[in-house]
Amino acid sequence: MRTIQRKLALFTFTALLPLVGLAHNYDTNGVYVQTFAGSVFYGYLDGVGQQTMFNGPNSIVADSHGNLFVWDSENHRIREIAPDGTVTTFVGGGSQSTGFGTNVSLYGVSLGGMTIDRNNTIWIINDYQNPSLSLYKITSDAAVTIESISSLSDIYTYGICADSLGNIYISDYTANKIYRYTNGVLTVFAGSGNAGYADGNGIFTSFYEPAELAADAANNIYVWDSGNQLMRRIDQNQNVSTFAGKYAPGSGGWNINTDGNGTNAVFGPVYEMLFDNSGNLYLACGDCVRKIDATTNVVTLAGSFTQTGYTNGLGSLARFNGADGVCVSRGTIYIADSNNQRIRSITNNPSVQIVSPADLQLNTYPGLQISGTVGRTYQIQASPDMTTWNTVATVLLTSSPYLWIDQSSVNGNRFYRALLMP
């Protein structure tokens with residue numbers, strides 16, 4: 001998992017707020033954690049689902065087609081996971097600095113951050129840049145190029161995100177600035193460079209070790225201001241405000257967490273964060289996964305503030321060991337669980353409904369078998385002529401393949417199809 005090296009601030013804070021104790025407020029929607037890909041063994045093996053191996057997966061993004069892309073840190077590769085759980089190598093393992101797919105070497109990349117834009121282009125930054133900032137640009141056909149920005153050097157970069165307008169945002173952990181990269185030009189978006197905490201506009205603001213970034217649907221940029229333990233927001237007019245978190249400069253309270261509303265919440269480490277289409281911000285926090293909704297209410301989805309391990313199940317019972325990456329794809333949350341060498345999924349209520357023996361009969365019925373994503377909802381439609389389709393059932397996949405049987409009477413021909421619901 002990624003580590004953040006703390007550096008001395010440019011000035012000393014003279015007062016600290018009292019730390020707040022640990023307090024969970026678990027989501028009440030019955031979220032359920034399962035293993036989507038990876039096994040107990042670390043290594044490098046493509047395949048399907050849990051018949052695969054990763055070695056330190058610590059960042060994850062999703063494209064518009066439901067494919068996942070995982071930064072497999074110790075293997076120095078980007079692995080692709082299809083919606084059916086098939087794992088392949090997307091980029092890495094070769095010898096070229098640029099080029100295509102597995103002909104390219106990513107061995108020299110020490111990940112600072114990874115994001116994906118609206119064109120399904122992946123952007124990667126190193127965590128330390130010397131002599132110049134290099135952005136790896138990886139298109140959907142696995143073409144790899146490097147965009148060098150010679151005007152910026154000797155910086156630590158821990159966050160990157162993309163807005164809907166094609167702009168890329170980068171956080172500078174040591175210079176305490178947020179940059180915007182547009183059409184090959186890098187400019188300061190917010191931050192004076194002075195370590196501290198001050199809301200305001202543009203360069204007349206202060207951050208203290210800004211790290212992870214995320215963009216919402218309105219192109220507001222959210223900053224995990226790690227040294228202040230705050231979530232900050234920057235709008236497109238470059239106005240900086242505090243979104244959530246209790247101001248605790250230099251407290252070192254990396255294991256102090258409290259759920260609550262807005263500035264009543266307390267944050268420990270955040271390793272990656274991302275918005276869904278409903279305005280929820282998801283946080284990968286090492287031992288747990290947290291959510292901030294549009295009303296700034298902070299809850300825990302899964303995991304524990306104090307316990308690590310590997311356990312699937314309901315949110316409060318699940319355990320992670322290095323929940324370092326998070327993304328959302330088609331209603332499912334995916335977590336790169338680095339030290340468990342797995343990709344975990346979080347869905348709502350994927351429980352098996354047991355049918356009483358008294359309700360079972362031996363008959364012959366038509367139906368279909370679905371090979372899909374466990375925990376997702378599918379709509380089954382039927383047609384007498386493959387022209388007019390009617391919905392006959394909605395099912396939640398509890399296994400794959402999943403066998404569905406039509407118990408209604410059939411006269412003449414009947415055709416079936418299944419649709420994956422959003």
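Okay, ground rules. What we have is a predicted model, so to speak of local features we ask for pLDDT of at least 70, side-chain atom pairs count only at pLDDT 80 or more, and totals for chains, interfaces and linings use all residues. Residues are numbered from 1 along each chain as its sequence is written, and side-chain values use heavy atoms, with hydrogens and water left out.

Let's begin with the cores. By nonpolar core I mean buried Ala, Val, Leu, Ile, Met, Phe, Trp, Tyr and Cys residues joined through side-chain atoms within 4.5 Å. Buried is under 20% relative accessible area, exposed is over 50%, and partly exposed is in between, with a 1.4 Å probe and protein chains only. The largest core has 22 residues, and M231, F267, M273, L281, L283 and I292 have the most contacts inside it. Several strands supply at least two residues each, including strand 13 (155-162), strand 18 (210-215) and strand 25 (288-292); strands here are DSSP E runs of at least two residues, numbered from the N terminus.

Have a look at M273. Leaving out residues up to four places away in sequence, M273 touches E212, Y222, W224, M231, L283 and V326, among others, where a contact is heavy atoms within 4.5 Å. Apart from that core lies another one, of 18 residues, with I122, I124, A142 and V144 among them.

Next, charges. I'm calling it a salt bridge when a side-chain nitrogen of Lys or Arg is within 4 Å of a carboxyl oxygen of Asp or Glu. The structure holds eight. In one of them, D337 pairs with R344 at 2.6 Å between the closest N and O atoms. Buried or exposed, that D337? Buried, at 0% relative accessible area, and R344 is buried at 0% too. D406 and R414 also meet, at 2.8 Å, N to O. Here D406 is buried at 4%, while R414 is partly exposed at 31%. Shared partners also link D46, D72 and R79 into one salt-bridge network. Within that, R79 and D72 come to 2.7 Å, N to O, and both are buried.

Terms used
Helices (H or I, at least four residues) and strands (E, at least two) are DSSP runs, numbered from the N terminus.
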